[in-house]
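Colleague: Could you show me the model and talk me through a few spots in it?

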Amino acid sequence: MLNPEFPNPIPDWNDQIPVPVLTVRCADQKLLFLNRAARELFGDAAKPGLDGAALFPDQKVLQRLLDSMQQGNETAHAEVVLKNASKTCRYSITANAAEDTSGTRIAVLALSEMVAEVSKPEKAKFRSDITMCWGIFDQAAVGIALFDRNLDFLDVNRCWLDMFGYTAEEMSALCPNDLTLPEEDFLTYERAEMLLEGKLDQYRGEKRLVRKDGSLFCGDLSASLLRDGKGTQSVILCFLIDITDRKLVEDKLQASNEQLEAQLAQNRLLQERLRDLAVRDPLTSLFNRRYMEETLRRELLRAAREDRPLSLVMIDIDRFKPLNDTYGHPAGDLVLKELAALLLRHLRSEDIVCRFGGDEFVAILPGAPLMTAAQRAESCRLAFQDLRIVYEDQVLTSALSIGVSEYPRHGATGEDLLFQADSAMYMAKRAGGNRVMVWG
Ligand SMILES: Nc1nc2c(ncn2[C@@H]2O[C@H](COP(=O)(O)OP(=O)(O)OP(=O)(O)O)[C@@H](O)[C@H]2O)c(=O)[nH]1
């Protein structure tokens, strides 16, 4: 068994070992060596230099063991079912990491038999028992398959074969995992073992399955245990329903649901935007008069409930008409926007700043007593007086007349407070403008 390209890293006395032992190069799964017991098990086709994965019906088994070695594990275990001309048997594989003389990482695999051989006649008897008891087996409109504990197909019905497009003979040469995509599994040995040991009543899963012609379909698989009358033998009974059409409908439904949700989210945004537009002044983006009146009512109720003061500040630009007339309406618009931004900068975020109309603005200051509100109004007045607004190479300056009233000192209703703040503002105008006056 020596091959110059794949030298045997282990001396020939390994041939004396009665269990199958083989070595595999971790990097490329190449077989390096098989002892006599392994050669007998795997037959003449198994030679150094070949792909080790080809020895096992489930080709992922070797890959998993080698991956474990590559990750630095010194040992790893797996179970496989192997069949040759004379018998089918389950083996436990113990893999040990090693290095050959050139330092290449190799895996030494030792196989030990686990399950007593199930003879072909016994299998056939059990199969015919089941088939006999179950006359409708072949005519059922769902796919039905019977597996033994080694996951060998015992029987499949017509529907199962039609689903996959294989003949019964072709199907019997496959293992269940050949029916799924490589990254998925159909029914693992571990799950089969759990079913057989009663640790799992039923296994159910949606699978992407591969037909003989390579096309895919979706199947709803359920697997459970079926025992013979004496309870000595058991098989795994699988039902398979083609759910491709249902999945397509579900996928379409999900896509249209997602579309609907996106549309709803967009509608919500639009509604919010509309609500916003309804309460905001388009030029300055401040709240409009309608919103101010509603808010003032609400804030007065809150002030009464919490026994706190509330001040109202009425602001009007002095001689705004001449400014408009001299520099034009767009210049006036710019001044209104600059004033709006200044008020927002000088008042607290909890204060409600509104454009009352024309060149008049109102600020509601919840919790602010009269003097505090007057001081804030004064700081706005001073800042506006110093503001230099540049419009088409012209520097625009202006001033504010401001009136302040306070709840509960001057009145209990919004109308009262607005009237008093407005009156105080006109007093400021009459006194020459550019000043703050408080009511009373
Ligand atoms: N640019 C501009 N002007 C506006 C807007 N709304 C109202 N106005 C003008 O604002 C001016 C307000 O004039 P008045 O109420 O006489 O106020 P005023 O000239 O400031 O007079 P006093 O307040 O007494 O100093 C009017 O000329 C309106 O046309 C607007 O949105 N943009």
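**Starting with a loop**

Modeller: Let's begin at Ser285, which sits in the loop between α7 (244-279) and α8 (289-306). Helices (H or I, at least four residues) and strands (E, at least two) are DSSP runs, numbered from the N terminus. This is a predicted model: local features need pLDDT of at least 70, side-chain atom pairs count only at pLDDT 80 or more, and totals for chains, interfaces and linings use all residues. Residues are numbered from 1 along each chain as its sequence is written.

Colleague: What is phi of Ser285 near?

Modeller: Phi of Ser285 is near 65°, a positive value in a residue other than glycine. Most residues other than glycine have a negative phi.

Colleague: And why does Ser285 count as partly exposed?

Modeller: Because Ser285 has 13 C-beta neighbours inside 10 Å. A residue is buried if 20 or more other C-beta atoms lie within 10 Å of its own, exposed if 12 or fewer, and partly exposed in between, with C-beta atoms placed from the backbone.

Colleague: How confident is the prediction, what is the mean pLDDT of the chain?

Modeller: The chain has a mean pLDDT of 86, and 88% of its residues reach 70 or more. That score is the predictor's confidence in each residue, from 0 to 100. The model also scores ipTM 0.95 and pTM 0.51. Where pLDDT is low, the predicted coordinates should not be read in detail.

Colleague: Overall layout next: how many helices and strands does the chain have?

Modeller: There are 12 helices and 17 strands in the chain. Of its 440 residues, 29% count as buried.

Colleague: On to α6 then. Which are the buried residues of helix α6?

Modeller: In α6 (residues 189-196) they are Tyr189, Ala192 and Leu195. Seen down the axis of α6, these buried residues fall within an arc of 120°, so they line one face of the helix. The arc is that of the directions from the helix axis to the C-beta atoms. An α-helix has 3.6 residues a turn, so residues three or four places apart point the same way.

Colleague: What covers the buried residues of α6?

Modeller: The cover includes four strands: β3 (75-83), β8 (202-210), β9 (216-227) and β10 (234-242). Take Ile236, which lies in strand β10. Leaving aside neighbours within four places in sequence, Ile236 is in contact with Phe147, Ala192, Leu195, Ala223 and Leu225. Two residues are in contact if their C-beta atoms, placed from the backbone, lie within 7 Å.

Colleague: Is Ile236 buried or exposed?

Modeller: Ile236 counts as buried, with 22 C-beta neighbours inside 10 Å. By contrast, His77 is in strand β3 and counts as exposed, with 10 C-beta neighbours inside 10 Å. Ser92, Ile93 and Thr94 are what His77 touches, not counting residues up to four places away in sequence.

Colleague: What follows α6?

Modeller: Gly198 follows α6, and its phi is positive, near 75°. Glu197 is in the loop between α6 and β8. Glu197 is exposed, with 10 other C-beta atoms within 10 Å.

Colleague: Switching to the ligand: how many residues surround it, and which are the closest?

Modeller: 15 residues surround the ligand, and the closest are Asp318, Phe320, Lys321, Gly332 and Gly358. A residue is near a molecule if its C-beta atom, placed from the backbone, lies within 6 Å of it.

Colleague: Which element gives the most to that shell?

Modeller: α10 does, with four residues. β11 (310-317), α9 (320-327) and α10 (329-346) each supply at least two residues. By class, the shell has four nonpolar, four polar and seven charged residues. Here Ala, Val, Leu, Ile, Met, Phe, Trp, Tyr, Cys and Pro count as nonpolar, Asp, Glu, Lys and Arg as charged, and the others, Gly among them, as polar.

Colleague: What about Arg319, where is its place?

Modeller: Arg319 is in the loop between β11 and α9. Arg319 has a positive phi of about 50° although it is not a glycine.

Colleague: Last one: which peptide bond is cis?

Modeller: The bond from Tyr407 to Pro408 is cis, with omega near 5°. Pro408 lies in the loop between β16 (400-407) and α12 (414-430).
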